[in-house]
Amino acid sequence: MVIGAVGGPASPASADAPAAVAKVAEGHEHTCAIGTDATLWCWGGNTSGQLGDGTTTNRTTPVRVGDATNWATVDAGTGHTCATRTDGTLWCWGGNFRGQLGDGSTTNRTSPVRVGTAATWADVNAGSNHTCATRTDGTLWCWGFNRHNQLGQDGSVYVATTPLQVGTATTWRSVTLGFAHTCATRTDRTLWCWGDNSSGQLGVGSLLYKTSPTQVGTATTWATVTAGYTFTCATRADGTLWCWGENGYGQLGVGTTYQTAPVEVGGTSWAGVNVGNDTTCASRTDGSLWCWGNNANGQVGDGTTTHRFTPVRVGTGTTWTSGIAAGYHVCAVRTDGSLWCWGANWSGQTGDGTTISPRLITYRTLP
């Protein structure tokens, strides 16, 4: 690990050839990444066991999660983590007060526990107190807290400790979770949201909560979607970027007023976007990286702690990928597999061996 300038990656401190990063995810105070060798590593806050290393000890550098070498996808919630393996199994660990681990209990777990017996899980997304995942048959399943109907279930379900199917559709493609709302795309490129809508985060043109999936507009060109605390952003196939919901920190990139329907963020060359809490980061097709919104911990990456209401470019680099994880801290992957993190670091979540916070851009690879 070395500290590098934003404009271009520094050289690793060791002559060894550590694994490059394929995927990255982050929670409130922790970060997890899958290496190109399909190993899984986590670091940062660990009070609920969300690092999966069998302890509740915070880690300022990456620790490996078990010895498996077939991890496929990973996502981090506020205090829990879930990941799929290439064999189609799903595993979760960490905080479980609301049953968000899906193992039939409300007991915290410090090591990965398997979710049911199914071996057809495709992807998973972890929120604050709920989790959702898609299966290879196109079905969608959610579990955990359902106070605001974020599981897509009616009010008869308050907490679900095992996965519940969302409706009967078999065309779900991806899913994303905010604090108490859920959004998902289908194979026909339509976008659907449900749950808490107190800030317009469902994008349906009102502030009314939705107890089941409700289509966002009529567009059939949605490519990706990502949910923050009480807002949502998504890209379309034409490279446009759209955001809606709460906007007190400028996280929508279009002024300061909340929006109940999608509004376009300037430009038509957006490649990928990720949001967390009240901050947004997105990459463009030219390899540049842009962030905006809450910047209290320097997570916008512009060297200040001033909130930004329109996109601000992060350095001058042109090798950023769509592998971005944004929140109180931000981590992003470059085309060479190097991982860069910055922002809040009070629990060591930037992985540079310190708890200096806010943290400047830090370059590292996995051990």
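Predicted model: local features only at pLDDT ≥ 70, side-chain atom pairs only at ≥ 80, totals over all residues.
Two strands count as paired here if DSSP finds at least two bridges between them. Four strands make up an open sheet in the order E18-E19-E20-E21, and their pairing is antiparallel. Strand E18 (222–227) and strand E21 (259–265) are at the edges with a single partner strand each, so one side of each has no neighbour in the sheet. From one strand to the next, the twist averages 20 degrees.

Look now at how E21 meets its partner. Strand E20 (residues 241–245) pairs with E21 in the antiparallel sense over four bridges, and Leu241 stands opposite Val265 in E21.

Cys233 sits in strand E19 (residues 231–236) and Cys243 in strand E20, so the link ties together parts ten residues apart in sequence. Are these two cysteines buried or exposed? Cys233 is buried, with a relative accessible area of 0%, and Cys243 is buried with a value of 0%.

Two other disulfides deserve a visit. Cys183 and Cys193 are linked with their sulfur atoms 2.1 Å apart; Cys183 belongs to strand E15 (residues 181–186) and Cys193 to strand E16 (residues 191–195), ten residues apart. Both Cys183 and Cys193 are buried. Further along, Cys331 is joined to Cys341, S to S 2.2 Å, and with 115 degrees about the S-S bond this link is right-handed.

Terms used: Residues numbered from 1 in each chain as written. Heavy atoms only, no water. Helix = DSSP H or I, 4+ residues; strand = E, 2+ residues; numbered from the N terminus. Axes fitted to C-alpha atoms, helices over the stretch in contact; angles between N-to-C directions. Disulfide = S-S within 2.5 Å. Buried < 20%, exposed > 50% of the residue type's maximum accessible area, 1.4 Å probe, protein only.
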